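Hello,

Here is the structure for you to look over. Please open it first, then read the notes below.

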Amino acid sequence: MAAGPAEGDLLKMTHRENWKVQHERLHMKHRGHEAMHAEMVLILIATLVVAQIVLVQWKQRHCRSYNLVTLVQMWVVPLYFTIKLYWWRFLSTWGMFSVITSYVIFRATRKPLSGRTPRMVYKWFLLIYKLSYAVGVIGYLAIMFTMFGFNVFFRIKAEDSMDVGVIMLFYGLYYGVMGRDFAEICSDYMASTIGYYSVGGMPSRALRDDICAVCGQKIFVDVDEEGIIEDTYQLSCNHIFHEFCIRGWCIVGKKQTCPYCNEKVDLKRMMNNPYPFN
């Protein structure tokens, strides 16, 4: 088939002239789109600003629901990308963490609450804290090790050592944040179930002098005595608790108030080493 006049002219043009004509035609075809693109950018910016305002207001007015929704998203969303991208190593660690944490949450939400449950919950999340902290530090050191070129002395490829560092740092941050948030939810629920603690308002039970408000069990060791397994701690508000219970409440559960009267607790002044078994 013979080429038309316009196509024939294009064939006679040089490459630069041909490109110029094609560019002009494209410009004519999309004329007016610049204003539309500007409107789209403005809509995107306005949407991001409004969404940020809504999120901030949601967090300030309904902090518990905000934390719960974000925690569930952090827990579930990685599963999709893990399966899609075949990250089986992360899937295995995520699966083990999810199974054990689900069992711990199940135990923490039972009514009536077993007297052994609070310590089991705090021990598990303390273990997660220690492991995630150690893994994160090792990952950070591996990244610094690569950036300063020390991998050359050990004949390790830079991309290999950097990948290991980034992965370990991610694992440490991810499971550290997940463990912290789950521990906070469990500590609130357990203390409310026992009845000596209320998030907003008065506790449903009166605390006796020989009862620990965290686990609801009796205290057998006096404050001045040295216990065989654990000591008894007295806060500045004069309420007393089992040593591991109050450590779990303040450190693992991220609570800086008395579990019974909500008075502010200066943990650093009271305990020089919050984790004596470090």
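**Helix α5**

Seen down the axis of α5, the buried residues fall within an arc of 135°, so they line one face of the helix. That arc is taken from the directions between the helix axis and the C-beta atoms. The buried residues are F90, W94, F97, S98, T101, V104 and A108. The face turned away from them carries the exposed residues M96 and V99. Buried means under 20% relative accessible area, exposed over 50%, and partly exposed in between (1.4 Å probe, protein chains only). An α-helix has 3.6 residues a turn, so residues three or four places apart point the same way.

**Ground rules**

This is a predicted model: local features need pLDDT of at least 70, side-chain atom pairs count only at pLDDT 80 or more, and totals for chains, interfaces and linings use all residues. Numbering runs from 1 along each chain as its sequence is written, and side-chain values use heavy atoms, with hydrogens and water left out.

**The chain overall**

The protein chain has nine helices and two strands. From the N terminus on, the order is α-α-α-α-α-α-α-β-β-α-α. Helices (H or I, at least four residues) and strands (E, at least two) are DSSP runs, numbered from the N terminus. Buried residues make up 31% of the 278 residues.

**UniProt spans**

The unreviewed UniProt entry lists residues 40-58, 65-81, 87-106 and 127-154 as "transmembrane region". UniProt positions follow the numbering used here, feature names are shortened, and annotations may be inferred rather than shown by experiment. Residues 40-58 are 100% helix and 0% strand, with end C-alpha atoms 26 Å apart. Residues 127-154 are 75% helix and 0% strand, and their end C-alpha atoms lie 32 Å apart.

**N151**

N151 sits in the loop between α6 (117-147) and α7 (158-194). Is N151 buried or exposed? N151 is buried, at 5% relative accessible area. A polar atom of the N151 side chain lies 2.8 Å from the backbone oxygen of I156. Not counting residues up to four places away in sequence, N151 touches F145, T146, I156, K157, A158 and S161 (contact: heavy atoms within 4.5 Å).

Best regards

How values were computed
A polar contact is a pair of N or O atoms within 3.5 Å; within protein, one must be able to donate a hydrogen and the other to accept it, and residues adjacent in sequence count only if both atoms are side-chain atoms.
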